[in-house]
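Hi,

Here is the structure I promised to pass on.

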Amino acid sequence: MSSTNSALTPSEEKKEAYLPQGEGEGETAISPQTLEEGDAPLGKVTAKASDYFTLMASGFALVSDGYQNNLSTVFNAVFKILYPAVYTSVVSTRVSNSLLVGEVLGQVVVGLICDLVGRKTAMVGTTLLIVVGGILSTAASGSTPEGMFWMLTVARGMVGVGVGGEYPACSTSASESANEKFGRDRGKVFILVTNLMLSIGGPIVISLFLLIINGAHYGGTTSASDIYKLQYTWRILMGIGILIPLSVFYFRLKMMNPKLYRRNAIRRNPPYGLIIKRYWKTLIGTAGTWFLYDFVTFPNGIFSSQIISSVIPGAGIVRTMEWTLLLSVLSLPGVFLGAAIVKFTGRRNLLMMGFSGYIVFGLIVGIAYDKITLVVPAFIVMYAMMQSSGNFGPGNMEGTISAESYPTSIRGTCYGLSAALGKTGAAVGTQCFTPIQNALGKRYTFIIAACCGALGVILAFFFVEDKGKDRLEKEDEEWRQYLVEHGYGDIVMGDGSAGEVTATGNKEVEELEFEQ
C-alpha cells in the first residue's frame, strides 16, 4: 500500500482491509455492498436485519429442541401404562437414548457443515430432519408393540440428528449475531436465546400433556376409553413437535451467514492438526465440563417423573406430571439469575458456582434422602434447587464458553465436538441411572451428582478461559496470526463474497475488546 492510504476515511480503510491479498492502490475494491457496511452481496436482506432473523430463528428453534429432549419425560410414563409388559427398563432406555445417539452424530456432522458450508445451510438442514423424524415418530406403528418401539427408536434417532445439529448451527450463529448487535451484553442475550429456550421446552411439553389429558377427562383407569385417550395424547404431543421448527423455517430461509463467518470461514482444507495443537486444552475444558453437566442433568430430567412417582406411592400419571411440572418450573430461575449476573461474575466463575450447587444440593438430598422424601414439597424444592443450579451455571455457560473460546472458522466444529461429548455424557448417565438406583439405592444418584459437581469445578478452574471481555474478532485475529506464523498464510479465508482473501491479507481492523 502507498502512503496515500493515510488519507483514507475509516469507511475506506475498512474496504481496503478487505481487498484480496496482493490487491491495492489502482485496483478495484470489493463490491460497495461490503460486509462491514451491512448489505448482502446478493439478495435483498440486509445483514443488519439478518442478524435479528438469526437470533429469532435460533431462539424459537431451540424451544423445539428443548421440547424434543423432554418428550421422553411424558412418553416414558405413558408407555409404562399402555405397555407394562413390553416397555421394560431396557426398551425405555433404548428409546430415550436413540435421541441422544442421534444428537451426538448431528452435533459432530453439522458442526463440520457449519464451518465448511455455512450456518444457514446447516440450520435449514436440521429443520428438515426434525420435521421428517417427527412425522415418522407421530406415525410410529408395528404389527406388535415391539415393532412400534423399534420404529420409534429409529424415528427419534433421526430427530436427534436434527436436534443435535441445532446446537452448533443455532448457537454459533446466535453468538456471532449477538456479538454484532449487543456488544458486552452478548453473553446475556446468548443465554436468553439458547439455554432459556432449551429449558422452557420441559414445562411446555408437560403443560400440553396435562391440558390434553385433563381436557379429555382421563380417569386414571385401565378402561378402554382411558387407554385410547393416552394413545392419542402421546401422538398429539409428537405432532406438535413438528410444528415448532416449521414456524421458524421462513426466517431461516431469509437469514444470511453472519458477517464474521462471511469474512473468516475456512472452507477448504482446514488445518485440523494445528487446531488440536492450539486448542487441545480449551477442548478439555469445554467438552469435559459439558460431559459432567449432561451426565447429571439429562437422566434427572428424563427419569424425573419416575423419581417423583417413587416418592409418592400410588400417585397416578396426572398427579405425577403435576409435580414434575412444578419441578421444571422451579428449575427456570437459575437461567434468569445467571443471565443477569454473568457480565459481572465472568463466565468461568459462574460455571464453577453452578457446579458448586450440585455439590451442596446433591449432598443434602442424597444424605438426607430417607427423611426428606417423607415431605414431598421439601424434596421437590431441594431437587429443583439442584436442577436450577445446573441451569444457573453449566447450563448457561457450556454453550457460551464453547461459542466464545474458538475462532469463527472452526467454531461450529469445536462447539459440535464439545456438545457431542456432552450428549455422550447424557447417554452414559441415562444408561447408568437405573442400574445405579438398583445397585446402590436412589440416594446415590444425588451423591454422584455432587461428585460430578466437584469434578466440574476442578475442570473449569484449570481448563476454562474467560473470554467475556473480548469481542469474537479478537480470537479470530489471534488465530489468523497463528496460521501465518505456522506457514498457513496463504490459506483462503471467507465465503467468497468479499473476493479471495488469504490469512495474511485478512487482518482485523475492528476493536478487539469491548469498552469497559
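Below is what turned up, starting with the ground rules.

This is a predicted model, where local features need pLDDT of at least 70, side-chain atom pairs count only at pLDDT 80 or more, and totals for chains, interfaces and linings use all residues. Residues are numbered from 1 along each chain as its sequence is written, and side-chain values use heavy atoms, with hydrogens and water left out.

First, the inside. The largest nonpolar core has 109 residues (a core being buried Ala, Val, Leu, Ile, Met, Phe, Trp, Tyr and Cys residues joined through side-chain atoms within 4.5 Å; buried is under 20% relative accessible area, with a 1.4 Å probe and protein chains only). Helix H2 (residues 47-82) gives the most to this core, 12 residues (helices are DSSP runs of H or I, at least four residues, numbered from the N terminus). Phe379 is among the residues with the most contacts inside the core. Beyond four places in sequence, Phe379 touches Ile307, Val311, Val365, Tyr369, Ile372, Thr373 and Phe446 (contact means heavy atoms within 4.5 Å). Apart from that core lies another, of 14 residues, including Ile275 and Tyr279.

Those two turn up again in a helix pair: Leu274, Ile275, Lys277, Arg278 and Tyr279 in H12 meet Glu475, Glu478, Trp479, Tyr482 and Leu483 in H21.

Last, a loop residue. Thr194 sits between helix H6 (186-193) and helix H7 (195-199). Is Thr194 buried or exposed? Thr194 is buried, at 5% relative accessible area. Leaving aside neighbours within four places in sequence, Thr194 is in contact with Leu62 and Ser171.

Cheers

Terms used
Buried means under 20% relative accessible area, exposed over 50%, partly exposed in between (1.4 Å probe, protein chains only).
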